[in-house]
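Please look over the model below before reading the points.

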Amino acid sequence: MNINYGRCDCGELEYEFQDEPINTVFCYCKTCQLHTNSDKWFGVWVSKEKFKFVKGSPSSFTALGDSGKETHRLFCGNCATPIGLKCDGFDMYSLSASTISGGDKLLPKMLIYTSAAPEWATFPEEIPKYDILPPGD
């Protein structure tokens, strides 16, 4: 069993998840743009059942996401590092790739909500690109 680790900038929050990610995704929705001050969020999707905080407890902010479902954004209450999000209706977390140890070696496998991307956004070539979510999600 493979254990992966992550943390916020100040170290007050630490988490772990088992096994490989379900998916790695660039999300260009307007909500992700606001929360990252960028054109996208780099989310690493992990099973809800295989994820846990091992140090500290995150603060959260809940709002309606572009999917129409409530999205719970988890962050460190001390340093404000965005840790990830949990969207109602999905049994997974989308973790911020930058908080994962070794996350800088991950590459996106899918681009979602590209129809909401700013005009200046660039998209990695040869990666499946969807205006919103792919069929079935």
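The notes that follow take the sheet, then the cavities.

1. This is a predicted model. Its open sheet has 7 strands in the order β6-β7-β8-β9-β4-β3-β10, and the pairing is mixed. β6 (59–64) and β10 (110–112) are the edge strands, each pairing on one side only. On average, and with direction ignored, neighbouring strands are turned by 30 degrees against each other.

2. Within the sheet, β4 (residues 41–47) runs antiparallel to β9 (residues 92–96), and 5 bridges join the pair. Val-46 is placed opposite Tyr-93 of β9.

3. There are 2 cavities of 30 Å³ or more in the structure.

4. Two or more residues of the lining of the largest cavity come from each of β3 (23–27), α1 (30–36), β4, β7 (70–75), β8 (82–87) and β9. By class, this lining has 14 nonpolar, 6 polar and 4 charged residues.

5. The second largest cavity has a volume of about 30 Å³. Thr-31, His-35, Phe-61, Thr-62, Ala-63, Leu-64, Gly-65, Thr-71 and Arg-73 line the second largest cavity. α1, β6 and β7 each supply at least two of the lining residues, and β6 gives the most, with 4 residues. The lining of the second largest cavity divides into 3 nonpolar, 5 polar and 1 charged.

Conventions
Residues numbered from 1 in each chain as written. Predicted model: local features only at pLDDT ≥ 70, side-chain atom pairs only at ≥ 80, totals over all residues. Heavy atoms only, no water. Pairing = 2+ DSSP bridges. Axes fitted to C-alpha atoms, helices over the stretch in contact; angles between N-to-C directions. 1 Å grid on protein atoms, 1.4 Å probe; cavity = no way out; pocket = protein on both sides within 12 Å on 5 of 7 lines; lining within 4 Å. Points joined across faces, edges and corners; volume = space filled by probe spheres on them. Nonpolar A, V, L, I, M, F, W, Y, C, P; charged D, E, K, R; others polar.
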